[in-house]
Amino acid sequence: ALLNACAGSPASMAQAQQIVGHLRASNRTIGAKTYCILVKGYGRSGDVARVRATLRAMRDAGVALDAATCNAALDGYARAGEFREASALLAWMEGGAAPAPDGRSYNTLLKAYARAGQVQEAL
């Protein structure tokens, strides 16, 4: 609950990093939900580099990407105007890799194109 609260505010992401650092130092397993919260927080902060890094860390740890995490990453890319990155992630999801995109995934991709002023390209 505390980690999720930190992710709700861009100013609190440093505190979220500290919490995860303590979990790792205590040899606690970092699961999909924790990674999703981090991706959501970094995305809300506009920090797409950390969104990417968190997705890599998740894969490196052997934690499967789930729809919630992919959608949080899509939202982060949309907020930052990174429509190409959002489009690449959605294409990967459509390519048979789990998880399959859902309605939220497609809506978020449209938001990414709209924020980047590329609505025609989305069509």
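This is a predicted model: local features need pLDDT of at least 70, side-chain atom pairs count only at pLDDT 80 or more; totals for chains, interfaces and linings use all residues.

Visitor: OK, and what angle do the axes of helix 5 and helix 7 cross at?

Guide: Roughly 10°, and the axes come within 8 Å. Angles under 35 degrees count as roughly parallel, so helix 5 is roughly parallel to helix 7.

Visitor: Which residues in helix 5 and helix 7 meet?

Guide: From helix 5 you have N71, L74, D75, A78 and R79, and they meet R104, S105, T108, K111, A112 and R115 in helix 7. By class, that contact divides into three nonpolar, three polar and five charged residues.

Visitor: Let me zoom in on S105. Buried or exposed?

Guide: Buried: S105 has 1% relative accessibility, and the cut-off for buried is under 20%.

Visitor: What does the S105 side chain join up with in a polar contact?

Guide: The side chain of N71, at 2.5 Å. Leaving out residues up to four places away in sequence, S105 touches N71, L74, L90 and M93.

Visitor: Switching topic. How do helix 3 and helix 4 pack?

Guide: Their axes are 8 Å apart, at an angle of about 170°. Over 145 degrees counts as roughly antiparallel, so that is what helix 3 and helix 4 are to each other. The crossing of helix 3 past helix 4 is left-handed.

Visitor: And which residues make the contact?

Guide: Helix 3 brings A32, Y35, L38, V39, Y42 and G43, while helix 4 brings R50, V51, T54, L55, A57 and M58. That contact has nine nonpolar, two polar and one charged residues.

Terms used:
Residues are numbered from 1 along each chain as its sequence is written. Side-chain values use heavy atoms; hydrogens and water are left out. Axes are lines fitted to C-alpha atoms, for helices over the stretch in contact, and angles run from 0 to 180 degrees between N-to-C directions. Helices (H or I, at least four residues) and strands (E, at least two) are DSSP runs, numbered from the N terminus. Angles under 35 degrees count as roughly parallel, over 145 as roughly antiparallel, 65 to 115 as roughly perpendicular and the rest as oblique. Contact means heavy atoms within 4.5 Å. Ala, Val, Leu, Ile, Met, Phe, Trp, Tyr, Cys and Pro count as nonpolar, Asp, Glu, Lys and Arg as charged, and the others, Gly among them, as polar. Buried means under 20% relative accessible area, exposed over 50%, partly exposed in between (1.4 Å probe, protein chains only). A polar contact is a pair of N or O atoms within 3.5 Å; within protein, one must be able to donate a hydrogen and the other to accept it, and residues adjacent in sequence count only if both atoms are side-chain atoms. A crossing is left-handed if the near helix is turned anticlockwise from the far one by less than a right angle, and right-handed if clockwise.
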